[in-house]
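Here is a short report on a protein model. Look through the sequence and the structure first, then read on.

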Amino acid sequence: MLALQGDFREHIDALRAIGATASEVRTAEQLAVVDALILPGGESTTIARLLLAFELMEPLRARLRAGMPAWGTCAGAILLARRVPGLDRPPIGVLDVTVDRNAFGRQLDSFEAELAVAGMAGGPLRAVFIRAPVIREPGPGVTVLARLDDGRIVACREGRVLATSFHPELTDDRRMHEAFVALARDAVAARGSAA
Amino acid sequence: MVNGNAAAQNGAGGVGETATWTVKAGLAQMLKGGVIMDVVTAEHARIAEESGACAVMALERVPSDIRAAGGVARMSRVDLIEEIKAAVTIPVMAKVRIGHFVEAQILQAIAVDYIDESEVLTPADEQHHIDKHAFAVPFVCGCRDLGEALRRIGEGAAMIRTKGEAGTGDIVEAVRHMRALWSGIRRVASARDDELPSLAKEYASPLALVQEVHRLGRLPVVNFSAGGVATPADAALMMQLGADGVFVGSGIFKSSEDEREQAKMANAIVKAVTHFADPVMLAGVSRGLTETMRGRAAASLLAEELLAGRGN
């Protein structure tokens with residue numbers, strides 16, 4: 001769990017509630033030993049600066065390119081994208097999409113909505129959008145997982161990298177976390193059988 | 001759902017429900033582990049964002065200058081707040097006087113991201129705080145102990161900060177308030193269920209919130225520290241004492257006249273909040289800092305100069 005800034009505690013609580021092992025990552029040494037990484041909600045400008053300041057950007061990019069599973073929520077999704085208009089630091093850039101920051105406006109425009117996610121059993125989930133970004137221009141390798149009623153993309157996946165504009169960690173619905181932990185376990189198993 | 005005021009503009013184009021309690025308290029969750037900096041110009045706001053602030057507080061004067069200037073301290077000028085909003089992409093907060101709900105209506109009309117109903121400004125009402133449930137913009141309020149925190153949350157505050165003593169650069173009051181808050185939380189958490197009504201009476205707080213603290217073992221909203229942080233070590237101290245993040249006021253832009261030194265201090269405090277429990281990192285981020293705010297010992301203030309006692 002990337003723990004430079006943001007709501008990482010909520011993610012850790014959610015992961016532990018479903019029986020996963022979760023630890024905080026603030027240094028390159030801590031990054032080197034995790035099997036998968038969640039990038040939490042927070043302020044993307046703050047987290048981008050801290051990634052650079054603590055020399056985490058390059059090791060993180062290298063691990064993601066080598067196939068480490070990752071999931072970015074809100075600010076985390078922004079950081080994973082290849083194209084982020086207006087972000088004055090280069091994002092990590094492993095997800096072939098454009099992400100517009102604060103796409104809905106200011107805090108007054110933050111909202112909750114029922115959202116159907118592709119491949120998720122049990123009906124729509126309650127999605128919380130806080131100064132949320134929107135995903136557009138998905139590349140050919142990107143699968144769109146969820147759209148708002150007006151068609152805007154708010155969840156997608158490319159390989160083992162998952163991005164959501166909303167915050168499953170702020171609700172009691174653990175299905176997104178379960179899906180990510182399953183993805184991470186598959187990746188670990190694949191690595192084990194390849195070795 | 002605590003708040004039915006969904007009359008706010010919906011930039012979501014009607015695809016969802018705005019101004020819910022989850023959404024109001026949720027923004028504070030995103031600020032955690034971060035530093036919210038007081039700024040008085042658009043230029044300061046840019047320095048703050050560049051240094052890694054997770055939000056800025058738009059002010060006419062930082063608290064130490066409010067002390068020096070005397071007179072009545074009010075909500076900042078609308079033009080100033082709008083300039084600061086235009087200068088940065090991080091959330092912008094602004095302060096209103098305790099009980100001054102029209103100042104709050106104005107801040108909501110110009111779409112600030114958070115309103116601080118603050119003892120740093122001269123109170124407009126000595127008895128009543130603002131009914132914060134009536135607003136779509138979320139509020140942060142100060143507290144000195146658990147009872148004060150729960151009264152503010154009961155009125156609708158979606159985030160709490162311990163008050164400290166603003167504009168002093170002296171951490172002692174911030175420590176006092178954070179310790180008092182957590183000591184109250186621990187007491188409620190370890191009480192028997194049938195003791196909670198009596199504790200609610202003692203803390204002059206809504207029983208439902210006392211029960212929630214009992215269940216959670218913490219406040220039901222995010223809690224930052226404010227009022228006296230002047231160094232990276234101060235910020236890390238407050239984090240180790242249980243803050244979710246820190247507000248820094250005069251400590252950054254009063255540390256030096258030199259903008260580069262201000263940015264260095266701002267950046268060091270941001271890094272200290274991330275690595276608050278790692279002394280080697282804290283030593284590293286403290287290296288190279290040359291100037292700190294001179295400050296004024298809180299114990300040397302006259303009773304009428306103390307801000308934390310405003311609003312209860």
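Is B:Gly156 buried or exposed? B:Gly156 counts as buried, because its relative accessibility is 2% and the cut-off for buried is under 20%. Keep in mind that this is a predicted model.

## A glycine in a loop

B:Gly156 sits in a loop of chain B, between helix H6 (146-154) and strand E7 (159-162). Leave aside its neighbours within four places in sequence. B:Gly156 is then in contact with B:Trp21, B:Lys132 and B:His133. Now take B:Phe139. B:Phe139 and B:Gly156 are 17 residues apart in sequence. In space, their C-alpha atoms are 7.4 Å apart.

## Two loop residues with positive phi

A:Cys74 has a phi near 60 degrees, a positive value in a residue other than glycine. Find A:Cys74 in the loop between strand E2 (70-73) and helix H5 (75-80) of chain A. A:Cys74 counts as buried, because its relative accessibility is 4%.

B:Ala19 is in chain B, in the loop between E1 and helix H1 (21-31). The phi of B:Ala19 is near 60 degrees, again positive in a residue other than glycine. With 3% relative accessibility, B:Ala19 counts as buried.

## The nonpolar cores

The largest nonpolar core holds 110 residues. Seven members touch the most other members: A:Leu37, A:Leu51, A:Leu80, A:Ile92, B:Leu107, B:Leu219 and B:Met238. Helix H7 (residues 172-190) of chain B gives the most to this core, with six residues. A second, separate core has 34 residues, including A:Phe111, A:Val154, A:Val181 and A:Leu183.

Which residues does A:Leu37 touch, not counting those up to four places away in sequence? Among them are A:Met1, A:Leu2, A:Val25 and A:Leu31. A:Leu37 also touches A:Leu60, A:Met68, A:Pro69, A:Ala70, A:Trp71 and A:Phe180.

## Where the chains meet

Chain A puts 43 residues into the contact, and chain B puts in 47. The area buried between chain A and chain B is about 3,500 Å². Carbon and sulfur atoms give 56% of that area. In chain A, the residues that lose the most area to chain B are A:Arg106, A:Gln107 and A:Leu108. Together they account for 21% of what that side buries.

How many salt bridges does the rule find across the interface of chain A and chain B? It finds seven. B:Glu50 forms a salt bridge with A:Arg89, and the closest N and O atoms are 2.4 Å apart. The count of residue pairs in polar contact between chain A and chain B, both at pLDDT 80 or more, is 22. On the side of chain A that touches chain B, the elements that give two or more residues are helix H1 (8-17), helix H3 (44-53), E5 and E6 of chain A. The largest share of that side, five residues, comes from H3(A).

## A serine at the end of a helix run

B:Ser51 belongs to helix H2 (residues 42-51) of chain B. B:Ser51 is buried, because its relative accessible area is 5%. A polar atom of the B:Ser51 side chain lies 2.7 Å from the backbone oxygen of B:Ile47. Not counting residues up to four places away in sequence, B:Ser51 touches A:Arg49 in chain A. In chain B, it touches B:Met37, B:Ala263, B:Ala266, B:Asn267 and B:Val270.

## Strand E5 of chain A

Strand E5 (residues 111-115) of chain A is largely enclosed by the rest of the structure, because four of its five residues are buried. E5(A) pairs with strand E1 (residues 17-18) of chain B in the antiparallel sense, over two bridges. Here A:Glu112 stands opposite B:Glu17. E5(A) also runs antiparallel to strand E6 (residues 125-129) of chain A, and five bridges join them. The bridge partner of A:Ala113 in E6(A) is A:Ala127.

## Strand E5 of chain B

Strand E5 (residues 114-118) of chain B is mostly covered, with five of its five residues buried. In a regular strand, side chains alternate between the two faces of the sheet. Which residues of E5(B) are buried on each side? B:Tyr114, B:Asp116 and B:Ser118 are on one side, and B:Ile115 and B:Glu117 are on the other. Both faces of E5(B) are covered.

Strand E4 (residues 92-97) of chain B runs parallel to E5(B), and five bridges join the two. B:Arg97 has B:Ser118 as its bridge partner in E5(B).

Technical notes
Residues numbered from 1 in each chain as written. Chains lettered and ligands numbered in written order. Predicted model: local features only at pLDDT ≥ 70, side-chain atom pairs only at ≥ 80, totals over all residues. Heavy atoms only, no water. Core = buried A, V, L, I, M, F, W, Y, C linked by side-chain atoms within 4.5 Å. Buried < 20%, exposed > 50% of the residue type's maximum accessible area, 1.4 Å probe, protein only. Contact = heavy atoms within 4.5 Å. Polar contact = N/O pair within 3.5 Å; in protein donor to acceptor, adjacent residues only side chain to side chain. Pairing = 2+ DSSP bridges. Buried area = accessible area lost by both parts, 1.4 Å probe. Salt bridge = Lys/Arg side-chain N within 4 Å of Asp/Glu carboxyl O.
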